[in-house]
Amino acid sequence: MIDRSQSRGPSDPVPAYYPGCSMDGLGKAYEVSCQLVLDRLGLAMDRIVDYNCCGATEVKNLSEEVSLTLPARNLSMARSMGRHEVIAACNGCVYSLTRANDADETTRSRINSHLEKGGAPAYDGEANVQHVLEFIHNRAGVPRVRAAVRRPLAGLKVAPYYGCLYSRPKRYTGVGVTPGTDNPEHPFFLDELLEACGATVMRDYLAKTICCGGGHALSDLDVSVAFSASVMNEAKRAGADLVATICPLGQINIENNLDRIRQAYGEETLVPVAYFTQLMALALGASMREARLKDNFSRPDRFLRERGFH
Amino acid sequence: MPIVEKSLVRVKRTEKLELDGIDVSGDWNTFLESRVQTDLDVGIVDWVRSQPQGDTIDRCWQCGTCTAGCCMHTDYGLEEFNPRYFIYLAQIGYEEELRRYAQTIWRCVSCNKCVERCPKGVKVEEVVHTIGTYLEASGRAPESPADRFDRAYTENLLDRGILDEAGLFRTYERLEGRKTPVRELLRMGTSLLLSGRLHTGPLAHRTKGWRRMRPVLKGLLDEDLRQRRESAQATRPVGRREP
């Protein structure tokens, strides 16, 4: 087992990429724009082909065994591809995959016997899971991003929204205790990347790490609408024109609540929301069409067109 | 010492009260009524500790850091959502008071700020979920909307290995007896379909080789659910006296 207080573990030239259920479906714009950004920064990831859903925070409430076997299967696939690094783009996936890494030896051997019965390779516990934001920040680095910018996001005021499970809890994600990771209470990786792209980043945005209520998007509508609204409301208060997200669950939950937010808090609360990779892709020279900005229900494309982007 | 039972702390209004010739009539805001507690059930904390996600409950020293940062308690403003108190009630085994919060405990949105901040390494979010599970699995509270959702989610996921979001939405609406207007569904659905983001029904993604994995996981799920139901129902308090 890797001692994660010392390092995240070995790295690969081309790490494995875990898409999870959103990236292939509702979060298509995120995946496409991610690819654009990585291409332009000279980075590459290798997709885990036969992945399965990670179970996010839901499955664990029913069964510990299933909630550990689901992510372990994905990590074992990555290991059988010969990779140590696994990159996920969804906060829920990062949580769930790192949670499986935290299992002790006894649990791991039990999980491995489940995997074996299901025809999957055993998992050795050696995968090093990261969010794609950390991957871009650490691997490309701010200077390289700055040098690759073709169309600076000058004049765009962006509120960086990290959401909940990107860095939390450190016990699972290692964020804040492992060298080279973000600060869990005051994250800044996204701030730095967007600033490198020329945007004005609202560094004092209060809702940076609040929950969007996405876990209860269907079962507790009041809560999910209230949290989605405060993500936007705080952005407005900080003076932002746009919210940048790093999680498909957050993006989808916030955008799914647009009508309800409008009804409950008024039209003036609404702020366009975009994946951070969509904004970075624009800065790195991609078009709005390529970055699929029209996909977003909050229509950041309309706003950006007014600002002269196309 | 923490206040054991919040329901005992209430504003007490006295119309006419004199102490040593001094008029002290009015509102008394922390008035503790005296009582004798006889029905505490240590079976609750034993059960929570025996569960894989509840084993850190004993580390809690009631500092309240979890509640101070809890987004349901502070941001959403649901004051009665108090993870420290839920853990306390479970620790002392005060079932009757715990049951009063059955309709509150499930509303935790799993943001994990409490787990991040706990100075004692309690996995608060998991412990609180385990306490909620105890109430439901032992038949002391009905299934909550969040648990219905988790069940629908898990069943949907285990079917093909990859979640069918639209299918999950339909199942959950049916479970809750809710109906989103067709026009609203069409508006979103069309846009998602046209941009290639909706993979549901015959278009749903599936994991290759899932046929072998599915029965294993379904078996594990059933076994875990059965075990926790049986063990939770067996925790009837020993030597319990009715007050």
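How far apart do the C-alpha centres of domain 1 of chain A and domain 2 of chain A lie? In this predicted model, the two centres are 24 Å apart. Domain 1 of chain A covers residues 16-130, while domain 2 of chain A is put together from residues 152-284 and 294-306. Where they meet, domain 1 of chain A puts in 21 residues and domain 2 of chain A puts in 22 residues. On the domain 1 side, helix H1 (20-23), helix H2 (28-40) and helix H4 (91-101) of chain A each bring at least two residues to the contact. H2(A) gives the most, with eight residues. Sorted by class, this side of domain 1 of chain A holds ten nonpolar, seven polar and four charged residues.

The C-alpha trace of chain A spans about 55 × 45 × 30 Å along its principal axes. Of the 310 residues in chain A, 61% are buried. As for how the chain folds back on itself, take the contacts in chain A between residues at least 6 apart in sequence: 78% of these join residues at least 24 apart.

Then there is the meeting of the two chains. Chain A contributes 45 residues to this contact and chain B contributes 47 residues. On the chain A side, the elements that supply two or more residues are helix H3 (64-80), helix H5 (105-117), helix H7 (170-173) and helix H9 (221-238) of chain A. H3(A) has the largest share, at four residues. In terms of residue class, the side of chain A that touches chain B splits into 17 nonpolar, 15 polar and 13 charged residues.

On to confidence. The model comes with an ipTM of 0.94 and a pTM of 0.92. For chain B, the mean pLDDT is 88, and 89% of its residues reach 70 or more. One stretch of chain B to flag is residues 238-243, where the pLDDT is below 50. In the model, this stretch of chain B has seven contacts beyond near neighbours in sequence. Where pLDDT is low, predicted coordinates should not be read in detail.

Notes: Residues numbered from 1 in each chain as written. Chains lettered and ligands numbered in written order. Predicted model: local features only at pLDDT ≥ 70, side-chain atom pairs only at ≥ 80, totals over all residues. Buried ≥ 20, exposed ≤ 12 C-beta atoms within 10 Å, placed from the backbone. Contact = placed C-beta atoms within 7 Å. pLDDT = per-residue confidence, 0-100. Domains from an automatic or database assignment. Nonpolar A, V, L, I, M, F, W, Y, C, P; charged D, E, K, R; others polar.
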